[in-house]
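Thank you all for making the time this morning.

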Amino acid sequence: MKEGYREVTICSNREIATDIYEMKIKETGILGVPGQFYMLRGWQGLDPFLPRPISICDISDDEITFLYEIRGKGTGIMAGLKAMDRIEILGPLGNGFELNSKGNIAIISGGIGIAPMIYTMKSIDSPIDFYCGFRDEVYYIDEIKKYVNNIYITTEDGSVGHKGFITELFVPDRYDMVMTCGPIPMMKKVVEMCKDKVPVFISMESRMACGIGACLGCSIETTWGMKRVCKDGPVFSGEEVIFYD
């Protein structure tokens, strides 16, 4: 990780679906590995007080792509930034996905959980099936097609693909490893389906303050005790995370 926050230039920042934005920034040096994230702050002053943790979506040459959803004031401000604006970043942070696995791999995302999976798919040298669930609007599928064998899509309203939830299409017995990111109920279901069948790794999301493990604000309960999403994760073995109904 590079030390401290630094200012970088935004190359582009565009809406690709309702309230879903793709931001590209110029950056050099240590850019990160699949599953890691950055802390982003696109405003001056203390309102909002905390920066926003955003997963690495893609890396190419000296450019990093972030995919994010407007969920509040901070991401709302970020959505208004334009090319050539400056933004503060800290990272790369956290631990990423295991990329040396052999055999057939399933990658499962729900909603904006697709973000860390794109760079992950590009970095894996094994056959991949991609399962992606959306509420209604589908995005980033064309960018993904060349990295996977098959794509399975669900939408809650049935406008694209299967109507329902992505776990309804997933068959764990076909795979040697599973990676997933998305809503907690979806990941909990994936872990349950994979139990005693196939290893599963999950990318957790949490509100964060520092991003470096100092404040303990993003801690979650695991079978090994409390762990910090920002420092010990965000990628964990599915078996170690304790989910609650």
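In helix α2, the residues that come out as buried are Ala115, Pro116, Met117, Ile118, Tyr119, Thr120 and Met121, and since the helix runs over residues 115-123, that makes seven of its nine residues, which is to say that α2 is mostly covered. Please keep in mind throughout that this is a predicted model.

Let me stay with Met117 for a moment, because Met117 is one of the residues in contact with Ile108 once the neighbours of Ile108 within four places in sequence are left aside. Ile108 itself sits in strand β7, residues 105-110. Is Ile108 buried or exposed? Its relative accessible area is 0%, and with the cut-off for buried set at under 20%, Ile108 therefore counts as buried. Besides Met117, the contacts of Ile108 include Tyr131, Ile166, Phe170, Val178, Met179, Thr180 and Cys181, and Met186 and Val190 are also among them.

Thr167 belongs to the loop between β10, residues 162-163, and β11, residues 177-181. Thr167 has a relative accessible area of 14%, and because that is under 20%, Thr167 too is classed as buried.

Now let me step back to the whole chain, which is divided into domain 1 (6-93), domain 2 (105-196) and domain 3 (204-244). How do domain 1 and domain 3 meet, and how many residues of each are in contact? Nine residues of domain 1 are in contact with 10 residues of domain 3, while the C-alpha centres of these two domains lie 22 Å apart. Between them they bury about 700 Å², with 65% of that area on carbon and sulfur atoms.

Across this interface the rule finds one salt bridge, and Glu205 forms a salt bridge with Arg71, in which the closest N and O atoms are 2.4 Å apart. On the side of domain 1 that touches domain 3, strands β3 (37-41) and β6 (86-93) each supply at least two residues, and by class that side is made up of seven nonpolar residues, one polar and one charged.

Conventions
Residues are numbered from 1 along each chain as its sequence is written. This is a predicted model: local features need pLDDT of at least 70, side-chain atom pairs count only at pLDDT 80 or more; totals for chains, interfaces and linings use all residues. Side-chain values use heavy atoms; hydrogens and water are left out. Domain bounds come from an automatic or database domain assignment. Contact means heavy atoms within 4.5 Å. Buried area is the accessible area (1.4 Å probe) that two parts lose on being put together, summed over both. A salt bridge is a side-chain nitrogen of Lys or Arg within 4 Å of a carboxyl oxygen of Asp or Glu. Helices (H or I, at least four residues) and strands (E, at least two) are DSSP runs, numbered from the N terminus. Ala, Val, Leu, Ile, Met, Phe, Trp, Tyr, Cys and Pro count as nonpolar, Asp, Glu, Lys and Arg as charged, and the others, Gly among them, as polar. Buried means under 20% relative accessible area, exposed over 50%, partly exposed in between (1.4 Å probe, protein chains only).
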